[in-house]
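Please read the points below with the structure open beside you, and check each one against what you see.

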Amino acid sequence: MVFFAYLISFLLGYCAILNLLKRPSSLPPGLHCALGLSLGLGISGLLTFYGLLLYGRFDPALIIIENLGLLSGLIFLSFFRKKFNALKSISFNPWDPFSITVILLFLTLTVILSYFAQKHPFGEWDAWSLWNMKLKFLIYGADHWKDIFQLHWHTQPDYPLLLPCINAYLFAFDTAQDLTTVTLTTSVVLALLCGWTLLGGLKLFIDKKIALLACALLLSHPYYIMMATSQYTDILLGLYLLAGFITLKLMIPSQDKGTATLTGLFLGLLAFTKNEGIALSLLLIGLYAIDHFLVKRKKKDPLFIPFTGGFLTTLSATLVFKFLLAPPNRDILNFSSTGQHNYFGWNGLKTIIEFFILETVNPRWHFLWIFIGILIALKLRDYFRGENRILTLFFTGYLGILLFIYLTTTHFDLTWRLTRTVERIFFYLMPSVIFLCFSIHWQKKES
């Protein structure tokens, strides 16, 4: 039954992309499927969230009806617009050496990821104390599920709920199963899906063999495996950021409005993962607007309206959550109401910079960031050309945001906060950094 839930989500996302794109066959089948499952899981999570608001409690039958109803509408629309006809021209040979290698790699990695996921079946600290705890409130809280917004601030009551909503949706298809099975399976699926999306995205710009090596580099990385199976929402954040990067890099040269809408949808889902997702999505959209309207001095941009339209569609859940349900973030309130900022100065800045430098050479990363640094240094100019400029400035801007957040730390010791959070930042940025560096360094001439 859980497989059936994943199938419905996959078809939801696949048909949604099919209807968005002007030429569905322009998107490679593998990437279409990967983005389809990513989008579909996000849509199912949003439907579950809105279902909780409308029905006042977790109702498995109505959640299933919501998803099946939307899927039926999308399938009908696809037939009505003859979108399935475009798929007839797609050819796929599962027996060629590359396809066999990909299948064997993912089967092997599925076994490895499942093995390590079972080593911590309840996830790590934030999984059972935050995300899975909130999942239990959504499912078993009945009319009192909103009590999660009244809990101690250590539970982060202001954090968005996309991951718990996705797990609640999967649980709705078989309420007799153990919640641990659902959350553990989700962590493995998201970990594999992130690698699948990376492979599909890179194949558009570089040789498929090098793309496969990049995918293997990500999925076989020991720290990636540990963090991805920890049942944290960071893996979901990393997935939607990567999907947004790939579709943004596609939409600018293609000038396709459907791809622009798809990019906006992914960034809206990114905002519903964590508070960091809100900052990431707004920063990327802001940089795109600045680049096109101020740097390139374009008075009109045909992509901006569908881009922001898609963003606002999925951002709506975050707006409802933040303005109607969640309490204010205590760190932001504290910064605006008190002048006691012990780390806002040179000593705090020095501590932060030193910590980030030490993290890049930390043994847990097995020289990954040193390798990334070498790639950037070899083709530094290319990072500021075309659509790559927006993606490069995105990382620079986000580092600036992080610097400000750490400098204004008030409720924690700065060193302790850096120790607990910096490794996660490196983790959820890892897929997008690998995508950007590999797509630039080994870019095909025709790209």
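1. In this predicted model, the backbone oxygen of phenylalanine 435 lies 2.8 Å from a polar atom of the side chain of serine 439, and the backbone oxygen of leucine 436 lies 2.9 Å from a polar atom of that serine 439 side chain. Serine 439 has its place in helix α18, which covers residues 414-441.

2. Is serine 439 buried or exposed? Its relative accessible area is 1%, and because buried means under 20%, serine 439 counts as buried. Leaving aside residues up to four places away in sequence, serine 439 touches Leu202, Phe205, Ile206 and Lys249.

3. Helix α2, made of residues 29-55, has 27 residues and reaches 37 Å from its first C-alpha to its last, which is close to the 39 Å expected at 1.5 Å a residue. Of these 27 residues, 20 are buried, so α2 is largely enclosed by the rest of the structure. Just after α2 comes glycine 56, which takes a positive phi of about 85°.

4. Helix α4 (residues 97-119) packs with helix α8 (residues 208-219) at an angle of about 5°, and their axes are 12 Å apart. Angles under 35 degrees count as roughly parallel, and α4 and α8 are therefore described as roughly parallel to each other. On the α4 side the contact is made by Phe98, Thr101, Val102, Leu105, Phe106 and Leu109, while α8 contributes Lys208, Lys209, Leu212, Cys215, Ala216 and Leu219. The residues of this contact divide into nine nonpolar, one polar and two charged.

Notes. Residues numbered from 1 in each chain as written. Predicted model: local features only at pLDDT ≥ 70, side-chain atom pairs only at ≥ 80, totals over all residues. Heavy atoms only, no water. Axes fitted to C-alpha atoms, helices over the stretch in contact; angles between N-to-C directions. Helix = DSSP H or I, 4+ residues; strand = E, 2+ residues; numbered from the N terminus. Parallel < 35°, antiparallel > 145°, perpendicular 65-115°, else oblique. Contact = heavy atoms within 4.5 Å. Nonpolar A, V, L, I, M, F, W, Y, C, P; charged D, E, K, R; others polar. Expected span 1.5 Å × (residues − 1). Buried < 20%, exposed > 50% of the residue type's maximum accessible area, 1.4 Å probe, protein only. Polar contact = N/O pair within 3.5 Å; in protein donor to acceptor, adjacent residues only side chain to side chain.
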